[in-house]
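Let's walk through this one together, a question at a time. Have the picture open while you read.

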Amino acid sequence: MSTAPTAAPVVLITGTSSGIGLAAAVAAAAAGFRVVATLRDTAKSGPLLAAAESAGVAERVRVQQLDVTDPASVAAAVDEVVAEYGRLDAVVNNAGAGALGTVELAGTELFRRALEVNFLGVVDLTRVALPHLRASGGRVVTVSSVGGVVGQPFNEAYCASKFAVEGFLESLAPVAASTGVTVTVVEPGAVASEFVANLQLDVPALLAAAGPYEPALKAYLATTLASFDNAQSSADAAATVVHALTAERPPFRLQTTEWATGFVATKLADTDGSAVQALTSSWVDAS
Ligand code: NAP
C-alpha cells in the first residue's frame, strides 16, 4: 500500500457495533491505521469506543453512520472520509447477518434480505470506494465465511449470499489488481460474536413450524450450536482481517483457523485462491 510518510493509512470498516468488526477496528488502529468505524446505528458505538479506549487507540478511531443496505449512506460515508482525510487506503466489508431456514418454509424474503445485507452491501461499498483505493494503491478486504465456499444445511440463503460475495470478488480481483488494488476475502468458521444472538432464534417455534423438516432441523441445530462452544474469538478472527490489510502480498482467500482451511479444502484444491488468480490475471495482462 502506498502511504505518505507523514500520514497513517485510513481504513473504513462496516458493522463495528460488535464481534469481528469491533475487534478489527481496534486491532487496525493498534496496527497504525486511522479507522473510520461505521455502524448502521451510531447509538450502539459504546462497546467499540470502550474497547478502543482500553486498548489505548481511541484517538485513531472515528465513528461514522453507514447502513450497507442504504446506498445514500454508503456514498455519504465514503465522501466524508475523503473530505476529512483526503484519502482512503482500505475498506473492510464486515457487516453481515445470518439467515436460517429452508426455502419452502422461509420463502423468498429470507433470500432477499440476506442478499441485501451480505452481498449487495459489499457490492455497493466496493464500487464507491474503488476510485479512492485506486488513488492510494489500496485494499478491499471482505469478511466472507467458510459458508462462502461450502453450502450448509438450513443456510441456503446465507450461503447463497456468501457464494455471491466470493463470485463477485474472485472475478473483481484480477481487474482491481490491474489498477493496483488488492482484493481479499476472509473466511471464518464459527466465531464468538453477536452473530447467533442476532438471529433471534425461537427454537421451539422453529421446530414446531418445520413440518417434514423437523428431525433434520433438530439435528442441524444440535450440531451447529454445539460447534459455537469451541468458537474462535472475534479478536482472533480480526487478526486475519488485519493481516489482509497489512501483509505485503495477501492471497485472495484467507481462512481464520486451521479448521476453516481444512473445511474449505473438502471442496477446494485452491484454498488460498492463488491458482485461480494466476490464471485469470493473465487474461487481463496488457503488458
Ligand atoms: P455480529 O456480532 O452479529 O456483527 C455483525 C455486524 O454487522 C454488527 O455490527 C451489525 O450491526 C452489522 N450489520 C448488520 N446489518 C447491517 C447493515 N445493514 N448495515 C451495517 N451494519 C450491519 O457478527 P460477526 O460474527 O461479527 O459478523 C461479522 C461478519 O462475519 C459477517 O459478515 C458474518 O457473516 C461473518 N461471519 C461470522 C461468523 C460467525 O460465526 N460469527 C462466521 C463466518 C463469517 P447491528 O448491531 O446494528 O446489527
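Q: At roughly what angle do the axes of helix α6 and helix α11 cross?
A: Keep in mind that this is a predicted model. Find helix α6 at residues 156-177 and helix α11 at residues 274-281, then look at where their axes come within 9 Å. The crossing there is at roughly 50°.

Q: Are α6 and α11 parallel or oblique to each other?
A: Angles under 35 degrees count as roughly parallel, and this pair crosses at roughly 50°. The crossing is also right-handed. With that angle, α6 and α11 are therefore oblique.

Q: Which residues of α11 meet α6?
A: Start on the α6 side, where E170, A173 and P174 make the contact. Now hop across to α11 and look for their partners. Those are V276, Q277, T280 and S281.

Q: How many charged residues does the contact of α6 with α11 have?
A: Sort the contact residues by class. You get three nonpolar and three polar. That leaves the charged class, with one.

Q: What is the arrangement of α5 and α6?
A: Helix α5 covers residues 108-136, and its axis and that of α6 come within 7 Å, crossing at roughly 20°. Angles under 35 degrees count as roughly parallel. So α5 and α6 are roughly parallel.

Q: How many nonpolar residues are in the contact of α5 with α6?
A: α5 passes α6 in a right-handed crossing. Residues of α5 in the contact include L110, F111 and L115, while α6 brings residues including Y158, F168 and L172. By class there are three polar and two charged residues, and the nonpolar ones number 15.

Q: What handedness does the crossing of α1 and α2 have?
A: Helix α1 (residues 19-30) and helix α2 (residues 46-54) have axes that come within 10 Å and cross at roughly 30°. The two are therefore roughly parallel. As for handedness, the crossing is right-handed.

Q: Which class do the residues in the contact of α1 with α2 belong to: nonpolar, polar or charged?
A: On the α1 side you'll find L22, A25 and V26, which meet P47, L48, A51 and A52 in α2. The contact has no polar and no charged residues. The seven residues are nonpolar.

Technical notes
Residues numbered from 1 in each chain as written. Predicted model: local features only at pLDDT ≥ 70, side-chain atom pairs only at ≥ 80, totals over all residues. Heavy atoms only, no water. Axes fitted to C-alpha atoms, helices over the stretch in contact; angles between N-to-C directions. Helix = DSSP H or I, 4+ residues; strand = E, 2+ residues; numbered from the N terminus. Parallel < 35°, antiparallel > 145°, perpendicular 65-115°, else oblique. Left-handed = near helix turned anticlockwise from the far one by under 90°. Contact = heavy atoms within 4.5 Å. Nonpolar A, V, L, I, M, F, W, Y, C, P; charged D, E, K, R; others polar.
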